[in-house]
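Here is a friendly walk through one model, written for someone who likes to know the cut-offs behind the words. Have your viewer open and follow along.

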Amino acid sequence: MKFTQIKETCLYVQDLDRTTAFYTEVLDLPVIGQVPGRHVFFRVGSSVLLCFNAQKTRGSKDLPPHFGEGQLHLAFECEAAEYVAWKEKLQGANITIEHEQTWPHDRKSCYFRDPDQHLLEIVVPGIWER
């Protein structure tokens, strides 16, 4: 047996309206589900990004509680030909690129923050290949 992918991951956020604006307007992610004040879910390719208001989901009774705190990290993969356009889009939205990394085989990635200071990264395919 083996897993085929990570299907979903989640971030804990303070302001769902601010989060929705950032992920829809800056990163062009479509909303696929939301409960006002509790959570908003986004489609990312074949994966899902879950954003929870930790204070609202801490006491969940229907599902195991979803909560946490601190700055988390996740990476979004784009086509290599779109990498520069993504960097330009971030810069055009006044998003600071904190660091750009050149990985083996001249593969690139750049790091930036969302409104809750989670460390996000845009990577090109092959980052984890030898």
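Predicted model: local features only at pLDDT ≥ 70, side-chain atom pairs only at ≥ 80, totals over all residues.

Residues are numbered from 1 along each chain as its sequence is written, and side-chain values use heavy atoms, with hydrogens and water left out. Helices (H or I, at least four residues) and strands (E, at least two) are DSSP runs, numbered from the N terminus.

The pairing of β6 (99–103) with β7 (107–113) is antiparallel and covers 5 bridges; two strands count as paired if DSSP finds at least two bridges between them. Along these strands, Q101 faces S109 of β7. On to the next pair: β7 and β8 (119–123) also run antiparallel, joined by 5 bridges. Here Y111 has E121 of β8 opposite it.

How enclosed is β7 by the rest of the structure? Largely, because 5 of its 7 residues are buried. Buried means under 20% relative accessible area, exposed means over 50%, and partly exposed lies in between, all with a 1.4 Å probe and protein chains only.

## Turns with positive phi

The β6–β7 hairpin leaves 3 residues between its strands, and H105 in that turn has a positive phi of about 65°. D106 lies in the loop between β6 and β7, and its phi is near 60°, a positive value in a residue other than glycine. D106 counts as exposed because its relative accessibility is 57%.

The hairpin of β7 and β8 has 5 residues between the strands. Q117 sits in the loop between these two strands, with a phi near 70°, again positive in a residue other than glycine. At 37% relative accessibility, Q117 is therefore classed as partly exposed.

## Nonpolar cores

In soluble globular proteins, nonpolar side chains tend to be buried together. A nonpolar core here is a set of buried Ala, Val, Leu, Ile, Met, Phe, Trp, Tyr and Cys residues joined through side-chain atoms within 4.5 Å. The largest one holds 24 residues, and Y23, L27 and L49 have the most contacts inside it. At least two residues each come from β1, α1 (16–26), β3 (39–44), β4, β5, α3 (83–92), β7 and β8. The biggest contributor is α1, with 4 residues.

Setting aside residues up to four places away in sequence, Y23 touches L11, D28, L29, F42, L49, F76, D114 and L120, where contact means heavy atoms within 4.5 Å. There is also a second, separate core of 7 residues, with C10, Y12, V48 and F52 among them.

## T57 in helix α2

T57 belongs to helix α2 (residues 54–57). Is T57 buried or exposed? T57 counts as buried because its relative accessibility is 1%. Beyond its neighbours within four places in sequence, T57 is in contact with R38, F52, P65, H66 and F67.

## Two pockets

A pocket is found on a 1 Å grid over the protein atoms alone: it is an open set of points where a 1.4 Å probe fits, with protein on both sides within 12 Å along at least five of seven lines, and lining residues have an atom within 4 Å of a point. Grid points are joined across faces, edges and corners, and a volume is the space filled by probe spheres set on the points. The largest pocket has a volume of about 640 Å³. Its lining has 23 residues, with V44, S47, A75, F76 and E77 nearest the centre. Two or more lining residues come from each of β1 (8–13), β4 (47–53) and β5 (73–77), and β5 gives the largest share, 5 residues. By class, the lining has 13 nonpolar, 5 polar and 5 charged residues; Ala, Val, Leu, Ile, Met, Phe, Trp, Tyr, Cys and Pro count as nonpolar, Asp, Glu, Lys and Arg as charged, and the others, Gly among them, as polar.

The second largest pocket has a volume of about 230 Å³. Of its 13 lining residues, A75, E77, V123, I127 and W128 are the closest to its centre. β5 provides the largest share of this lining, 4 residues, and the lining divides into 8 nonpolar, 2 polar and 3 charged residues.
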